[in-house]
Amino acid sequence: MAEPPPALQAEQPRQSSSRSPTGSPPATEQSNLQQTQAEIVAHQAETTIEAGDDSEDPGYETEADSRVSTSISSSVRDYTFEHGRRYHKFREGRYNFPNDESEQEREDMKHAMVVNLCGGKLHYAPLNNPQNIIDIGTGTGIWAIDVGDEYPSAQVLGIDLSPIQPTWIPPNVKFMVDDAESPWLHPPNAFDFVHIRHMNSSIKNWPKLLTTAYNHIQPGGWIELQELQFVLKCDDGTMKDDYDVEKFLRFVKEGLAVFGVDLLSVTGNAQRLRDAGFVNVEEKVFKIPLGTWPKNKTMKMIGLYLRSVIYDGLQGIALGPFIKGLKWSPDDVELFLVGVRKSLMDASVHSYLPFHVVYGQKPTES
């Protein structure tokens, strides 16, 4: 076993959409500024992120085969607790990470990170007046709620193993406790858009899931997968071989593999869509900086989100893969995480994670 070697909470506002706050510049001026900034961010995210001069990042220290499906009700609101964290009870053990309040805040930060990275876009698939949308692994439901607002004529369904979604939601949005890897209750051709995001750490059989999705998408409908590739990269040589964050991600990958989950399966998503029968498959790969080292302010904020998502979630991320998968003791985990936290705050390391957006279309019937 590898030698396993408290936490700053970067508080961020819970963002429910990319909409601008009140008190901003006039609409035309603001729109131009946002468009220019979005173009800069999009270019850097797909090419090279320009590093800033700060080494201490001042001002940024505080900134989800047996079948059981049910709509949210008291019978599925039970939880299980382990190592002081709360986990889902429905299909217990399927998802190896907590679902408590701190984890929900992390999920909302991930949403804000991606929306900012994508210039406010909730999807890249070229949708045309979608009427039935399903969000697989909806988590807190924040994407489903936002897309319900964007397409008020569409019916949006979010499914997850955990009943952690809000009660006050748009009238066209609903949530269901369900396991996406079980047979779907919905009839064939029921949806015109299937959305899957941040599910690499959960799905065991991607070909089966994508085939199921294909069968439930109407001809001409779309599917989109948005996933982080959990391999740290660096373009300027500032990340060394002994970087503790890289070690952490490697151990998470090894721990999840014990449960049959391939954390790095994202690189095969485009081909899997083609194998499932989808056409017009496109893939975009962006760079999400880890930390506040970029020069561009928006990229700096995106990097802060990613750093906070990992920093604030270190214990919750590690518990399942490290203790259950790799058989570490809780003390060994905490000792190792001390070095990981220190490495995360080192702004001299210009590392990033690739973010893959893959979308494809079910062929239109002739």
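The points below cover aromatic pairs, charges over rings and salt bridges.

The model is predicted. Across the whole structure, a search finds twelve aromatic pairs, and the structure also holds five salt bridges.

**Aromatic pairs**

- Phe251 and Phe336 form an edge-to-face pair, because their ring planes stand at 75 degrees, with the ring centres 5.5 Å apart.
- This pair ties together parts that are 85 residues apart in sequence, since Phe251 belongs to helix 5 (residues 244-257) and Phe336 to helix 8 (residues 330-344).
- Phe251 and Phe336 are both buried; for Phe336 the relative accessibility is 0%.
- Phe336 also pairs edge-to-face with Trp328, at 5.6 Å centre to centre and 80 degrees between the planes.
- Trp328 is buried, because its relative accessibility of 4% is under the 20% cut-off.
- Phe248, Phe251, Phe322, Trp328 and Phe336 are linked by ring pairs into a cluster.

**Charges over rings**

- Arg250 lies over the face of Phe251, 5.6 Å from the ring centre.
- Lys362 is placed over the face of Tyr214, at 4.8 Å from the centre of that ring.

- Arg250 is partly exposed, at 34% relative accessible area, and Glu246 is partly exposed at 27%.

**Salt bridge between Lys287 and Asp235**

- The side chains of Lys287 and Asp235 meet in a salt bridge, with an N to O distance of 2.8 Å.
- The two residues are 52 residues apart and link distant parts of the chain: Lys287 is in strand 10 (residues 279-289), and Asp235 is in the loop between strand 9 (233-234) and helix 5.
- Lys287 is buried, with a relative accessible area of 14%, whereas Asp235 counts as partly exposed at 45% relative accessibility.

**Salt bridge between Glu50 and Lys295**

- Glu50 and Lys295 meet through their side chains in a salt bridge of 3.5 Å, N to O.
- Glu50 is partly exposed, with a relative accessible area of 41%.
- Lys295 counts as exposed, because its relative accessible area of 51% is over the 50% cut-off.

Notes. Residues numbered from 1 in each chain as written. Predicted model: local features only at pLDDT ≥ 70, side-chain atom pairs only at ≥ 80, totals over all residues. Heavy atoms only, no water. Phe/Tyr/Trp six-rings, centres within 6.5 Å; stacked < 30°, edge-to-face > 60°. Helix = DSSP H or I, 4+ residues; strand = E, 2+ residues; numbered from the N terminus. Buried < 20%, exposed > 50% of the residue type's maximum accessible area, 1.4 Å probe, protein only. Lys NZ or Arg CZ within 6 Å of the ring centre and 35° of its normal. Salt bridge = Lys/Arg side-chain N within 4 Å of Asp/Glu carboxyl O.
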